[in-house]
Amino acid sequence: MKYFIAVYQKLKNIYMSQSSMENDLPMICPSLRIYENEELELLKPQSLLNDEQKKALSIIKKQNMAYELNSVPISSNFWDLNPNNSLFDIYRDILEKNNLKNIEEHLDKVLETKSTILFDAKNNDTKEFKAYKKYRTNHETAVNNITSHLELFDGLDTDEEKNNWNDQLIHLNNIKELTFSEWKVKGYKDIIEKELTKINKATEADLYVAMAQNAKNTFEAAEKTDVINNASIHDINFIPYDFMENESGWNSMRIEKSELEGLHSEAKNATENLPSEILSIDYDESMIEAVELEYSFVHLKRSWFNKNFMLSSLFEWNEPKKISDGQTISNDFKLPAFPKTMMLMKNLKIILNPAINSEAISNPNQLVYFGPLVMKQQVFVNKNNNQKFLKAITNVKTIKSDQLNYMAKKTATIETAKLAPMNNITAKPAAEPAPEAIKAAASTAFSNKINLGGMMGGIKIPVTHGASPVQPAPKPVTPSPTPIKGLWGTWGPKYPTTPIPTTPPPPPPTGANVQFKVLDKMNNEPIYKCALSIKGTNNNRIFEIESNEIGIINQFIPIGDYSIELRIDDYAVLQQNFSVTNANPLTLEYKLQREEVKFKSFFLIGMICERMPKIPMNQ
């Protein structure tokens with residue numbers, strides 16, 4: 001978890017140094033929030049969507065996505081999904097409950113009453129207004145004459161010319177003062193301008209009513225029309241708008257171990273916008289050498305949202321729950337802040353120590369985590385520099401599957417039992433929060449991750465090299481006794497280690513070494529980096545792996561029935577079933593059909609929110 005915090009701190013520093021505003025509030029996202037390309041595509045304005053994406057089922061999905069990204073923060077320490085605290089509902093409620101009707105009535109009275117100071121019964125200028133215009137014009141002419149005279153100074157050469165110029169300037173200033181006095185006395189300056197201020201105040205009210213009424217009309221029209229038009233209120237304009245289609249707005253970054261350590265110390269010392277629970281977790285992540293990723297700051301623009309009418313001096317709010325105090329971010333206020341910029345990352349790679357044991361990572365009984373991100377059960381090797389690394393699971397179906405939730409709970413249960421004797425610490429089972437989770441507390445979200453990952457068992461095997469990705473042998477792994485070791489070293493808070501009684505591990509499940517071949521249906525060419533998602537249909541097994549450069553991947557699969565989904569850009573998804581009935585080696589071949597499909601996924605590591613000022617301003 002320490003290095004995950006470091007990555008967030010790095011992105012936060014970059015944003016704050018480049019484009020931050022006074023009220024910007026960076027917040028870490030404590031739970032796993034992953035969005036696929038097709039999900040974010042739905043949120044784009046309808047004019048940019050094709051007919052297929054306008055189907056009723058897509059509209060429902062779009063609404064759910066919009067509620068997620070419009071979640072208003074209720075803590076200054078973190079941002080997380082909270083559908084019951086949506087900007088959409090809060091803003092609509094503010095529009096309905098402010099004193100808009102009273103302002104409209106006041107405005108109508110002002111506009112109906114003709115100014116008798118400015119206009120007579122025949123709608124002509126009064127003598128006072130005529131005098132005001134005359135003497136104001138005289139004063140403006142005097143000011144313009146001085147401006148023109150000042151421009152002549154650079155062309156003067158002799159002292160005599162400069163002295164004459166100065167005498168003329170004094171004369172012009174005297175004329176200006178005289179015209180101002182005449183404007184004030186003979187031109188009824190104070191009386192006329194007081195009346196103009198009153199009219200301008202009415203104009204301000206007119207603009208205020210227009211802002212508030214336009215937004216209100218948008219909501220009312222959406223509710224009275226069909227579901228397609230109703231979807232327009234969930235539109236989000238992304239900036240950069242094309243970050244899903246190309247590399248616009250994306251930057252590459254590599255953070256070495258030494259910098260990761262420094263960034264974590266910086267986050268821990270600052271204790272700003274980070275829950276104390278996560279900062280207190282201190283893992284030994286010695287197996288991580290570096291982290292590579294691409295990041296982007298994507299701004300969220302909503303056509304229906306306008307905070308300016310709430311900043312007007314005409315805005316009134318008499319409800320018991322205040323809108324904001326300009327400082328506190330909590331559920332005690334209606335709209336203390338709102339989300340405006342996503343901190344996204346993709347193509348995450350965890351660079352590992354060369355001594356990492358690839359067999360341990362491929363163990364089907366355990367999960368590998370980097371913060372809340374779940375990593376694939378496969379070690380990859382960069383053929384250019386021989387560096388070993390892990391990739392994150394990007395298949396949302398896998399993340400939300402029952403198998404992964406089962407494995408997360410199972411891992412947490414095992415580690416909780418091991419850590420229980422240590423100062424009587426307890427931990428809750430760690431399951432990824434479902435999309436409809438409400439008001440996720442940071443302490444719970446992070447404590448659930450403390451004991452996830454005690455899976456490597458401290459196994460020491462000589463360094464192995466091979467093609468990318470590494471093909472794990474079908475050899476079962478037996479966890480070793482304490483101290484508890486994880487992929488990154490010793491997991492859990494640093495407490496004095498004491499002997500912990502352990503029970504013998506269960507016998508390894510019987511199964512077979514399965515070779516998966518992935519080919520292009522047109523030319524039988526191997527497909528490199530095809531993602532294989534394998535889930536048990538009569539057990540809780542799960543595997544997330546990729547094919548190598550010759551389109552092959554070997555994996556030890558326990559006996560059972562499975563579904564497999566193969567996904568890669570430019571090919572249609574292929575879903576099939578297979579069974580492992582005995583220990584005999586099995587070869588399965590799959591041929592993919594070419595199709596224009598993109599399977600990009602983005603991790604939301606944090607959200608930039610904008611803190612609202614004190615509202616109403618006149619409180």
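**View 1. Leu-532 has Leu-566 of strand E18 as its bridge partner.** This legend set describes a predicted model, in which local features need pLDDT of at least 70, side-chain atom pairs count only at pLDDT 80 or more, and totals for chains, interfaces and linings use all residues. Residues are numbered from 1 along each chain as its sequence is written, and side-chain values use heavy atoms, without hydrogens or water. Strand E15 (residues 531-536) is joined to E18 by 6 bridges in the antiparallel sense. Strands here are DSSP runs of at least two residues (E), and helices are runs of at least four (H or I), numbered from the N terminus; two strands pair if DSSP finds at least two bridges between them. The two strands belong to an open sheet of 4 strands, with antiparallel pairing and the order E16-E15-E18-E19. At its edges stand strand E16 (542-546) and strand E19 (574-580); each has a single partner strand, so one side of each is left without a neighbour in the sheet.

**View 2. Arg-567 of strand E18 (residues 560-567) makes a polar contact with Glu-36.** The contact joins the two side chains at 3.1 Å; it pairs N or O atoms within 3.5 Å, one able to donate a hydrogen and the other to accept it, and residues adjacent in sequence count only through side-chain atoms on both sides. How accessible is Arg-567? Its relative accessibility is 12%, so Arg-567 counts as buried (under 20% is buried, over 50% exposed and in between partly exposed, with a 1.4 Å probe and protein chains only). Apart from neighbours within four places in sequence, Arg-567 is in contact with Glu-36, Thr-394, Asn-395, Cys-530, Ala-531, Val-573 and Phe-599 (heavy atoms within 4.5 Å).

**View 3. Strand E14 (residues 511-520) is largely enclosed by the rest of the structure, because 7 of its 10 residues are buried.** Follow E14 to strand E17 (residues 552-558) and you will find 7 bridges between antiparallel strands. Here Ala-512 stands opposite Ile-557 of E17. Strand E20 (residues 586-592) also joins E14 over 7 bridges, but in the parallel sense. On that side, Leu-519 has Lys-591 in E20 as its bridge partner. Together the 3 strands make an open sheet with mixed pairing, in the order E17-E14-E20. E17 and E20 stand at the edges with a single partner strand each, so one side of each is left without a neighbour in the sheet.
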